[in-house]
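Biologist: Before I use any labels for this protein, I would like to see the criteria behind them. Can we go through them one at a time?

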Amino acid sequence: MPGPSPGLNRALLGLWAALGLGLLGLSVVAQEPFWADLQPRVALVERGGSLWLNCSTNCPRPERGGLETSLRRNGTQRGLRWLARQLVDIREPETQPVCFFRCARRTLQARGLIRTFQRPDRVELVPLPAWQPVGENFTLSCRVPGAGPRGSLTLTLLRGSQELIRRSFAGEPPRARGAVLTATVLARREDHGANFSCRAELDLRPHGLGLFENSSAPRELRTFALPPEPPRLAAPRLLEVGSERPVSCVMDGLFPASEAGVYLALGDQRLSPDVTLEGNALMATATATASAEQEGSRQLVCNVTLGGESRETWENVTVYSFPEPLLTLSEPSAPEGKMVTVTCAAGARALVTLDGIPAAVPGQPAQLQLNATENDDRRGFFCEATLEVDGETLSKNQSAELRVLYAPRLDDLDCPRSWTWPEGPEQTLRCEARGNPEPSVHCARPDGGAVLALGLLGPVTRALTGTYRCTATNVQGEAVKDVTLTVEYAPALDSVGCPERITWLEGTEASLSCVAHGVPPPSVSCVRSGEARVIEGLLRVVREHAGTYRCEATNPRGSAAKNVAVTVEYGPSFEEVSCPSNWTWVEGSGRLFSCEVDGKPEPSVECVGSGGTSEGVLLPLAPPDPGPRAPGIPSDLAPGTYICNATNRHGSMVKTVTVSAESPPQMDESTCPSHQTWLEGAEAAALACSARGLPSPQVRCSREGAPRPQRLRVSREDAGIYRCLATNTHGMDARIITVGVEYRPVVAELAASPPGGVRPGGNFTLTCRAEAWPPAQISWRAPPGALNIGLSSNNSTLSVAGAKGSHGGEYECAATNAHGRHTRRITVRVAGPWLWVAVGGAAGGAALLAAGAGLAFYVQSTACKKGEYNVQEAESSGEAVCLNGAGAGAGGGGGAEGGTEAAGTAEAPAEGEVFAIQLTSA
C-alpha cells in the first residue's frame, strides 16, 4: 500500500498548528468585555414624525433584550444580537429610550435621547394703529406659537427688508417652545406706507438638519403730521350776484398731503374745490357763485382733516347786485345827413357818464344829438356807471359804434391805374374803394375774359397780362376805373423748342439749335461741356460729337439753362480685347464667354457652333450688366469653333471664336476613400488617392499634427488623420482621410482574485485582458467537470461562486480576431478541509502537538516555495498567511500568470506558476 502523499502530510501539519492557535484565540476572546449599543444615540425628530432605533450587543448569546420607551411603536425587527424598532407620532419634547440585554448574568444598558422640533409655521405680527402721529412711539409685537426648541429660534422684526431688531433665544431650556419679541419704534415720515413684518428662523443645522424660515404677513403703517396752525384762506371781500370768483385755501406742513381732506363752503352752499399738492403743501381752489337770495354778508369756511384731526378758518364775504349800464343809439346805421340821438342809462342807485359828461343826479340818464357825416362813420360812444358798496366804489361801462351810409369812392392811392409785376412770387392784387356799406370791387377784362382775384395772396402768372375795368358798388351807388397789368418772366426752355436728347448718325450733317420763351424775349447760346466755344451752323457728324451740351437763355428777369445729350449712332465692330478669338472654358468656374461689341445702339450678339461636336450649339454669353435674368452657368460645354454675329439697325459683323475646355481637380469617395485600413507589420505603402481634372492634377498627402516617420513596415503609430491635396493650374481640392491600423491579439494580463487563494465554498474570479484591433473575442477553457462557472458580458471575467474540488486545475484564456489568436493559462488548485479530532484525554493532545513540532522544519523550507497558504477562519481576517512567516500580511503575490503562446502556435504545456490554497480549521 503506497504511503501518504507529501501534500497530505503538509495538510496534517497545518491542521494541528491551526488547532493550537485556535485554542489560544478562545482564551483571549473569553476575556473580552460585553456592551450594549443604541443607534442613533441622540436624535432630533420633527414633531409627529417617526424614527427607527437599533439596539445591539456584542454578547455572543444574550439571554434576552429589549427597548424601553413611552413612545408609540409601529414595527419591530429582531436578530440574535440586535433589535430594531420604529417609533411613530413622536410629540414629546424630550424622551430617553433605554436599550438593554441580559448577558452572562449581567444587564447591559445603553440610554438614548430623542428630542422633537416644530417648524415656525405660524408667525404673527400684532396689528398696527390705523394712523400714527410722526414723532410718537408705537409697539411692534411678534408671536411664534409652538415652534421650537426655543433655544434654536431667532426672531427678527423688519421694516421692509431692513432689520430693526434681531434676537436669538439660545440658552433657553430644550423643552421650551414658542417665542415672543416686542419692540418700541419711533414713527417717522419715511415709515408712511412701509411694510413691517416678522421673520422666524429655526436653525437645526448644528444637529444635521436644515434652516427652517417663515415670515408673517406684512402690515402697512400709516403716519401723519398735522400742524397746529389753521389753513390760510384767500377770498374776495365783495361778490356780485350772478358772478363767479375764485377762492383758495392753503395749508403747509401736511404729511402725507395726499391723504388730507378739504371742506369749502359759502354760507350754506358747499363748494367743489380742486386740490393741488406741492411737497407738503396743499392748495384747494374753487369758484364761488352768489345768488340774489344770498345778497348781504356771508361766511366762507375752509376745514382741513388728516389722520382723524382737523384745522379750520373762515372769512366774511359781502354779496351785492350791480346791473350793466344801457347805451342806445336812435339809428345805429344812419344815412349821411341824418340826425342821431345817443342815450346812457343805469340802475336807480348808479350815477352814469356819457363821453365824459355826467348825468345831473344818480338814477337819471345822459343824452347827446349829432348830424351824421362821412367822418362820423365808425365813431364810438362810451357810457360808464358807478356804484358804492361797503365803502368801495365800483364801476361798469359799455360802448357803441355809429355807422354812416355813403356811396363808393375809388382813388389812385388805393387803386393804382398801372401795375407791373414779375412772374413767380405771390402778390396781393389790391383795388380798394371807400364807402358804407363796404363796396364790393370787381375787376375784369372789357371783352369778358379773365377776372382778377382782388385782395387774395396768389402767384402772378403771365396769363394775367392785360387791361382790366374795376367797378366798386354798394347800396348807395357805384364807381368805375380802368387799370393795366404787365407780367414779366424769366426765360424757359421746354422739350418742344429745346429737346433733352438728340440723335445723329455718323457721316450725316446736323445742327444744334434751341428756342426759349420769356418776356422780354431771351437770347440763347449752346456750348459743349468742358469747352468755351459756342456751337453754330451745320456740322459733319462724327463719333466725337457725342456728348452733353449746355444751352443757356437770358433776359433782364433771369436766365435758364438746359443740358442736351447728343448721341451719335454707328454700326457694330469686334475688338480682340473685348471678344477674343481663342477662349478656354474651365468647368465649375462659373464664367461665361464675354464677347463685347462696339456699336450704337448696342448690337445683339449670338455665337453658334460650326462643325464637330459643337455643330449648331448656342454658346452662352456673359451679359454686359449681370442681373437676375442673366443666363445660367453651364455644367457642360462642347469645345470647338463658333461663329459670332453682331447686329444693330445700322449693320452687322461676323467673327470666328475657338473654344477649348479644362477642369479643376476633384476627389471623391471613389478616387480617394475617406477611411483606409493598414495592417501592422505589412510593407509600408502610400495612401490610395487620385484626382480627376485637366491638366492632370498632382496629389500629395500628409498626416495632421506630427509628420509620419519614414519606415519600411506599418506601425500602430501610423494611424491618424491625413490630408490629401490635389492641385493643377485651375485650383485645388482637399480631402481628409482617416487611417486605422489593425493588429493581432495579445493576452496582456491574466490574473486571479483574490490573489491569496480560496477555500472550499469560497469565491474566486479570473480576469483576462487582451490588446487587439479590431477588438478580440475572449474564450475560456476550464478543467473538466468544473460547473457553475459565470462569465461577464464580454467574456473578459470568469467567476466561480462556492468553489469545489472540481474547480481546481488549469484555465486557459484565448483572444481571437481576424488577424490571429493568442492564449495564456493559469492553474488553480482547490484543496478540501481536513479536521482530525483527538479523543482520549491529555495524552492524545500531547502526541498531536509533538507530531506538529516534528514537521515544522519541512513546512518552513518548502511551503512558501510552492505557493501554499493558510486561510484563517476568523471573520475579521481576509489575508492568506504564509505558514513559515515569510509571506505574512498581503504577501503571497498579487496573482499568478500561466505561460503564454504566440498566435497560431500549439498549446503551451500546463507548467506555469501554481498557487495552491490549503484550508485548515482550528
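Modeller: The turns below set values against definitions. This is a predicted model, in which local features need pLDDT of at least 70, side-chain atom pairs count only at pLDDT 80 or more, and totals for chains, interfaces and linings use all residues. Residues are numbered from 1 along each chain as its sequence is written, and side-chain values use heavy atoms, with hydrogens and water left out.

Biologist: What makes a segment count as a helix or a strand here?

Modeller: Both are DSSP runs, numbered from the N terminus: helices (H or I) need at least four residues and strands (E) at least two. By that rule the protein has three helices and 71 strands.

Biologist: Why is strand E66 called largely enclosed by the rest of the structure?

Modeller: A residue is buried when its relative accessible area is under 20%, exposed over 50% and partly exposed in between, with a 1.4 Å probe and protein chains only. In E66 (residues 809-817), eight of the nine residues are buried, so the strand is largely enclosed. For the protein, 37% of the 922 residues count as buried.

Biologist: How do you know that E63 and E66 pair?

Modeller: Pairing requires that DSSP finds at least two bridges between two strands. E63 (residues 777-781) and E66 have five, in the antiparallel sense, and one of the bridges links Ser-779 with Ala-814 of E66.

Biologist: What joins E66 to E67?

Modeller: Nine bridges join E66 to E67 (residues 820-830), and the two strands run antiparallel. Gly-809 has Val-828 of E67 as its bridge partner, and a hairpin connects E66 to E67 through two residues.
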